[in-house]
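Work through the exercises below with the structure open beside you, and try each task before you read its solution.

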Amino acid sequence: MNSLKLSGRHLLRIADLSTDEIMGLINTAERFLEISEREIKKVPTLRGKTVVNLFFEPSTRTRTSFEIAGKRLSADVINISVQASSVSKGETFKDTVLNIAAMRPDVIVVRHSSPGAALYASQIAGCSVINGGDGAHAHPTQALLDLMTIHMHKKRFENLKVSIVGDILHSRVARSDINALSRLKADITLCAPPTLLPKRSEVFGARVTHSIEEAVADADVIMMLRIQQERMAQGLFPSLREYAEYFCLTPKVMEKAKKDVIIMHPGPINRGVEISAEVADGPYSLILYQVTHGVAMRMAALYLLCVGEG
Ligand code: CP
């Protein structure tokens, strides 16, 4: 086995990983997938290690999959519910991290609405920190599980046509996916209303369109994103109904797609807004496979940060 040299490091953003490290994480996660198919879904690999999930924002997939991933590797996993913690009594983020760190965990997974929160935690925690999503900045394990899903179904990234459709401006998933896919030489198209696109400097030379039909035609991979109303300071489009009229992935729009296209979405999905129920539940959709892969990818991340071999 080649050492990926991730032991003791942090996982804060995709940009901190080399393409070899990205591929190493994908290969390790693909090997871990079968553990979740066993009757006894547990191996002793991280026995004696402690993982703390410190989530200041709601989460279904990321928090649960980190918990399941840690437990399947026999780590002790503790979930801190911020509502039930001393944050509700006014304790700061810094003091919360310092106090959790004083209990000597091996990994802290941080989700926070502020960009840079996980980086700050990594500077004071004295153990590995994984960014479970910080504002609109980065969500590296989501991008890694997205890449794993693409790799398992398309076997390559180079020249693969990937269209990312939706609220790209507020999406930490899109920023992380764009960074990784552009370095792996995928051919990226971004599709959104002009008000929901990031600055040119953030799109790494991706093609931009405002037509979902154009984005879908010829795409090998379609990644849909939800409208993140919780991060919008002002109305950036007239109404959800009008947004859906132009940007919802429906069976009619799918008539333009290739027959071997795959459809992805990081979740949570808003049926009838960015994706219709028929498409979300249809034959091209890998949305629930992404969730399954998320457990394996988080097993890979915990394993490589704690042990370091891929
Ligand atoms: N994709 C994702 O991050 O989902 P959660 O917000 O449920 O963790």
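**The ligand site**

The space taken by the ligand is the largest pocket, where a pocket is an open set of points on a 1 Å grid over the protein atoms alone, with protein on both sides within 12 Å along at least five of seven lines. This is a predicted model, in which local features need pLDDT of at least 70 and side-chain atom pairs count only at pLDDT 80 or more, while totals for chains, interfaces and linings use all residues. Residues are numbered from 1 along each chain as its sequence is written, and side-chain values use heavy atoms, with hydrogens and water left out.

**Exercise 1.** Find which side-chain atoms lie 2.6 Å and 2.9 Å from an oxygen atom of the ligand.

*Solution.* Begin with Ser59, which has a polar side-chain atom 2.6 Å from a ligand oxygen. Then turn to His139, whose polar side-chain atom lies 2.9 Å from an oxygen atom of the ligand.

**Exercise 2.** Explain why the ligand lies between domain 1 and domain 2.

*Solution.* First, take the bounds from the domain assignment, which is automatic or from a database: domain 1 is 14–139 + 294–306 and domain 2 is 140–290. Next, note that both domains give residues to the shell around the ligand, so the ligand lies between them. Finally, look at how the domains meet: 32 residues of domain 1 are in contact with 27 residues of domain 2 (contact means heavy atoms within 4.5 Å), and their C-alpha centres lie 25 Å apart.

Conventions: Polar contact = N/O pair within 3.5 Å; in protein donor to acceptor, adjacent residues only side chain to side chain. 1 Å grid on protein atoms, 1.4 Å probe; cavity = no way out; pocket = protein on both sides within 12 Å on 5 of 7 lines; lining within 4 Å. Sits in = over half its atoms within 2 Å of the grid points.
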